[in-house]
Amino acid sequence: MNIPRLLYQLQEIDLAIEAAQAGIAAVKADLAADPLAAERRAIAGLKAKLDTLRHELRETSAEADDFSVRIMNHEEQLYSGRVTSPKELTALQKDIDLLKGHRAPYEEKALELMDAIETTENAIDTAEITLQRHKEALETNRQKLEKQLKKLGDELAGLESRRAALLAEIPPSAVTEYEWIKKQRGCAVAKVEQSICRGCGIAVTTAWMHRARSGEPVHCPSCNRILYLE
Ligand SMILES: [Zn+2]
């Protein structure tokens, strides 16, 4: 039994498991995110603005209408023939002019508000069309992510069963040692290539190489990782 080789295989599986878990976490984060929240908030803001503008328009129009009613009453008197005194007629006309002067700013403001309402309505329409387009693109992306998640989940399950099968082949004491060094060093097994420990870069002596090749777990004298020779 070549324990370093089995531990090296275990390490390869563990690295693949970590990668699959990280992949799953990233995909889940993508699925949980709401990239259209800002667009929805912008539309809600425009709708609130539209409500305010409409409310202002109703109030401004009501003010203008009040003046219009008073102007109509005065004009009705003016042209009724009931008032004949030139002095009174002049006074009525003066009042009418005065009322029209008071009404004018409300009428102007109402026109401005109507313009603003139209602009805001158009902005809402445009934003809603864009949002719908983004929603459709997002839905396509969501389906892609779901598929990816399923694939990663299957991959992880496969790796975990391979890990369990491999663990059955390795003496528990070697696994304990592996786990302990892994905790300390991140990776527990280091390949030896060209007489160099790939874990820390130190040159491994021929005697150590010989021992490592025998299949016994030999530790790097520098980083303490289990040495593995292919
Ligand atoms: Zn080393």
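Q: At what angle do helix 1 and helix 4 pack, and how far apart are their axes?
A: The angle is about 50 degrees, and the axes are 11 Å apart. That makes helix 1 oblique to helix 4. For the terms: angles under 35 degrees are roughly parallel, over 145 roughly antiparallel, 65 to 115 roughly perpendicular, and the rest oblique. Axes are lines fitted to C-alpha atoms, for helices over the stretch in contact, and angles run from 0 to 180 degrees between N-to-C directions.

Q: Before we go on, what sort of model is this?
A: A predicted model, where local features need pLDDT of at least 70 and side-chain atom pairs count only at pLDDT 80 or more, while totals for chains, interfaces and linings use all residues. Residues are numbered from 1 along each chain as its sequence is written, and side-chain values use heavy atoms, with hydrogens and water left out.

Q: OK, back to helix 1 and helix 4: is the crossing left-handed or right-handed?
A: Right-handed. A crossing is right-handed if the near helix is turned clockwise from the far one by less than a right angle, and left-handed if anticlockwise.

Q: Where does Ser173 sit?
A: In helix 4, residues 172-185. Helices here are DSSP runs of H or I with at least four residues, strands are runs of E with at least two, and both are numbered from the N terminus.

Q: Is Ser173 buried or exposed?
A: Exposed, because its relative accessible area is 55%. Buried is under 20%, exposed is over 50%, and partly exposed is in between, using a 1.4 Å probe and protein chains only.

Q: Where's Ile24, and is it buried or exposed?
A: Ile24 is in helix 1, and at 14% relative accessibility it counts as buried. Its C-alpha is 9.8 Å from that of Leu145, a residue 121 positions away along the chain.

Q: What about Ile17?
A: Ile17 is found in helix 1 too, and it counts as buried at 8% relative accessibility. The C-alpha atoms of Ile17 and Gly158 are 9.5 Å apart, with the residues 141 apart along the chain.

Q: And how do helix 2 and helix 3 pack?
A: At about 160 degrees, with axes 7 Å apart; helix 2 is residues 37-80. Helix 2 and helix 3 are therefore roughly antiparallel, and their crossing is left-handed. The residues of that contact divide into 23 nonpolar, ten polar and 17 charged.

Q: Switching to the metal: which residues are the protein donors of the zinc ion?
A: Cys197, Cys200, Cys220 and Cys223, each through SG, lying 2.3 Å from the zinc ion. Donors are N, O and S atoms within 2.8 Å of the metal (3.2 Å for Na, K and Ca), and water is not among the atoms, so sites may look incomplete.

Q: How are the donor residues spaced in sequence?
A: As C-x2-C-x19-C-x2-C. Cys197 lies in strand 2 (residues 196-197) and Cys223 in the loop between helix 5 (206-213) and strand 3 (226-228), so the pair ties together parts 26 residues apart in sequence.

Q: Why is the zinc arrangement called tetrahedral?
A: Because the four donor atoms subtend angles of 105 to 113 degrees. Four donors count as tetrahedral if all angles lie between 85 and 135 degrees.

Q: Are Cys197 and Cys223 buried or exposed?
A: Cys197 is buried at 0% relative accessible area, and Cys223 counts as buried at 2%.

Notes:
Four donors count as tetrahedral if all angles lie between 85 and 135 degrees; four count as square planar and six as octahedral if opposite donors are over 155 degrees apart and all others between 65 and 115; anything else is irregular. Ala, Val, Leu, Ile, Met, Phe, Trp, Tyr, Cys and Pro count as nonpolar, Asp, Glu, Lys and Arg as charged, and the others, Gly among them, as polar.
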